[in-house]
Amino acid sequence: MKRIATFMLLLVALSAAWSMPAQAQRISPQENARQSRKAMKKQQKMLNKANKKQRKAMKKAAKAQRKANRRYKK
């Protein structure tokens with residue numbers, strides 16, 4: 001009797017586990033579009049941050065170059 005109960009419990013657990021991923025994979029077109037916009041916004045934000053960091057580094061290098069040129073001319 002315990003074997004049958006254990007088998008039934010295992011069967012119920014597996015059927016519940018198999019049904020979950022199938023449900024989770026179904027995404028509505030609206031949800032897909034929302035996720036796409038969110039990912040695009042995140043990518044744009046990272047790109048802007050990297051560009052800002054690059055501009056700042058170029059500005060710093062130019063300033064150091066001007067300072068070096070002033071010292072060299074003296």
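Modeller: R34 has a relative accessible area of 39%, and therefore counts as partly exposed, a class that lies between buried, under 20% relative accessible area, and exposed, over 50%, with a 1.4 Å probe and protein chains only. This is a predicted model, in which local features need pLDDT of at least 70 and side-chain atom pairs count only at pLDDT 80 or more, while totals for chains, interfaces and linings use all residues. Residues are numbered from 1 along each chain as its sequence is written, and side-chain values use heavy atoms, with hydrogens and water left out.

The partner of R34 is E31, and the closest N and O atoms of this salt bridge are 2.9 Å apart; the term asks for a side-chain nitrogen of Lys or Arg within 4 Å of a carboxyl oxygen of Asp or Glu. Side chains of opposite charge can pair when their charged atoms come close. E31 is likewise partly exposed, because its relative accessibility is 27%. Both R34 and E31 belong to helix α2 (residues 29–73), where they sit three residues apart, about one turn of the helix; helices here are DSSP runs of H or I with at least four residues, strands are runs of E with at least two, and both are numbered from the N terminus.

As for the setting, the count by this rule is one salt bridge, and the protein has two helices and zero strands. Of its 74 residues, 0% count as buried.
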